[in-house]
Amino acid sequence: MGKYILKRLGISLLTLLVLITIVFILVRLMPGDPFASDKLTPEIRQNLERYYGFDKPIIVQYFTYIKNILNGDFGYSMKYINQSVNTIIADSFPYSFDLGMRGLSVSISLGLVLGIIAALNRGKTLDYMSVIIAIIGTSVPDFIIGGLLQYFFGIKWGLFPVAQYKGIEYTILPSIALGFYTLAMVSRIMRASMLEVVQQDYIKTAKSKGISNFRITAKHQIRNAIMPVVTVLGPTVASVLTGTFVVESIFAIPGMGKYYVQSVQNLDYSLILGMTVFYGAFLVLANMVVDILYGVIDPRIRVAGK
Amino acid sequence: MENNEVLKKVDKNAFKRIGKNVEKMEAISRPNLTYWKDAWRRIKKNKAAFAGLIIIIVYVILAVFGPLISGYEYTQIDSSRMNQFVSKEHWFGTDELGRDLWTRVWRGARVSLLIGFISTILNTIIGGLVGGISGYYGGALDLVLMRIIDVLYGIPYLIVSILVMVVLGPGVSSLIIAMVIVGWIGTARFVRGEVLRLKEQDFVAAAKVLGVSDLPIIVKHILPNVMGLIITNLTMAVPKAIFNEAFLSYIGLGISPPECSWGVLAKSGVKMLRIYPYQLFIPSFFICTTMLALNLLGDGMRDALDPKLRGTE
């Protein structure tokens, strides 16, 4: 087990390093210029370039950058004056994290419930309803779901606030918009897995021992069926994370996704670099945790990973 | 006794010895059902998948001819007819610049479908080659390629696409490049796994023993067995690519005006949602039905192309 975790950790660190390098190269290749403005005299420009270290050779810039990242210092934003990338991330990340967590918990819990209900009512109306929800979830992009939710529940019927993020009632629409796809995925996987588990011998054994149907479903069927759901958690975290880009801009939530999209449009080099590295590290870490979790849950993967 | 009476009435010349006819014994009385014919038969039986296929064909035809039959150009601005609802002149209404939405929807379909199909096909070819070579030859090459893929696989796909889009600037070709740059990795991984499994099978060993060289083994024995999975994977990946294009265009990185795609239309639709909701609903309908159709078709293909299910109903 220790060897497996160590190997996983090594790959993750290497991935992160490659990511940082790719991002660094791509950002330097970007067209446009963060200091592009007619008001700047050549002297001020030079000073700015010196201040941000652009006058040094690119290799030196690269190693300075790596060193700074290792120290947890992402530098200063080039568009938001006097704001360090660290403060921008620190200010905006809690919103995105909160939204992401709500989206995830809503989608996973509802998805599991929906999948279980569908499997228990196989071939009946409830099953078909869950199939329809799953189809909508997988074929409607999140920006359309977000727009529609905002239009009907926010503007037309006035049930929920239209935008911003100030209290529990503000979080409901964005969480649903964010989690809908995952909900659909989880419910489909759970349904299929439940139906597979029903045919296993240990369910027959439990039945022949005279255990009640409720206990069989709760203690034997659901517990075993939940395993495949764990395998989609890694990709799910990634999809929820990129979903925040869109959902935050629709509902005007001051989270990281909104800043990220803006920084890309503003060519704010240091902010793009910092946020991409942050996102990347977060995702790589999340994937690693999920992978190690499989290893803990399912010994077969641990063996195969060697 | 009665039987004898009957037999006497029958002409004895009607009976003659046929004997063995070796050629006829070996003849196949029914038409030969190949793997692909069988798959096609099963797709046709699967109503949902077949409906998906028809929807896609209709959309492709409309994407080609739709912009031509409306009588408007997709860039044609008409300030006297802004934000008009569906009418006889404008079948889907007009947008905030008075452009005909029907023309723009099908122009957008052309761009979105093109990006979806081309990027997925490129991903499949590159991924298939890398995964196939890596899996078949194994050894040090496989080790190196797989380490590289392991590392690249952890890199968030959309973030890299976003950065590539910023570097290359908006446009159809940069979108395709942005999606292919990291998109082939998933295909490479699963093709390698399949090839690794297949090359240990008896029929490959048999071919090797008979002295068949590498290329025919790959082309004639391994490839046909992986093909079903590759095609299923391809069908499933097209909606993802269309989705990613829409996402990138939505955040302002994909296609730039006046060119349009479904993502661009959805973006401007969301902007006008409060006043003119039809401008979001119409493009959304086509995005969603395309996704749905491709997903249904993909599901059907998975069942139809699975060799284990062959011959069953």
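Helices (H or I, at least four residues) and strands (E, at least two) are DSSP runs, numbered from the N terminus. The model is predicted: local features need pLDDT of at least 70 and side-chain atom pairs count only at pLDDT 80 or more, whereas totals for chains, interfaces and linings use all residues. Residues are numbered from 1 along each chain as its sequence is written, and chains are lettered from A and ligands numbered from 1 in the order in which they are written.

Helix α9 (residues 202–209) of chain B packs against helix α10 (residues 214–250) of chain B at an angle of about 155°, the axes being 10 Å apart. Axes are lines fitted to C-alpha atoms, for helices over the stretch in contact, and angles run from 0 to 180 degrees between N-to-C directions. The two helices α9(B) and α10(B) are therefore roughly antiparallel to each other; angles under 35 degrees count as roughly parallel, over 145 as roughly antiparallel, 65 to 115 as roughly perpendicular and the rest as oblique. The crossing of α9(B) past α10(B) is right-handed, where a crossing is left-handed if the near helix is turned anticlockwise from the far one by less than a right angle, and right-handed if clockwise. In α9(B), Phe203(B), Val204(B), Ala207(B) and Lys208(B) meet Ile217(B), His221(B) and Ile222(B) of α10(B), two residues being in contact if their C-beta atoms, placed from the backbone, lie within 7 Å. By class, this contact of α9(B) with α10(B) comprises five nonpolar, one polar and one charged residues; Ala, Val, Leu, Ile, Met, Phe, Trp, Tyr, Cys and Pro count as nonpolar, Asp, Glu, Lys and Arg as charged, and the others, Gly among them, as polar. Just after α9(B), a positive phi of about 85° is taken by Gly211(B).

Chain A contains 14 helices and zero strands. Of its 306 residues, 34% count as buried, and the C-alpha trace of chain A spans about 85 × 55 × 30 Å along its principal axes. Helix α4 (residues 85–120) of chain A and α5(A) pack at an angle of about 140°, with their axes 8 Å apart, which makes α4(A) oblique to α5(A). The crossing of α4(A) and α5(A) is left-handed. Leu114(A), Ile117(A) and Ala118(A) of α4(A) form the contact with Leu126(A), Asp127(A), Ser130(A) and Ile133(A) of α5(A).

Between the chains, 36 residues of chain A are in contact with 33 residues of chain B. On the side of chain A that touches chain B, α1(A) gives the most, with 10 residues. The residues of this side divide into 26 nonpolar, 10 polar and no charged.

Not counting residues up to four places away in sequence, Ala246(B) touches Pro141(A), Trp262(B), Gly263(B), Ala266(B) and Ile287(B).

Key
Buried ≥ 20, exposed ≤ 12 C-beta atoms within 10 Å, placed from the backbone.
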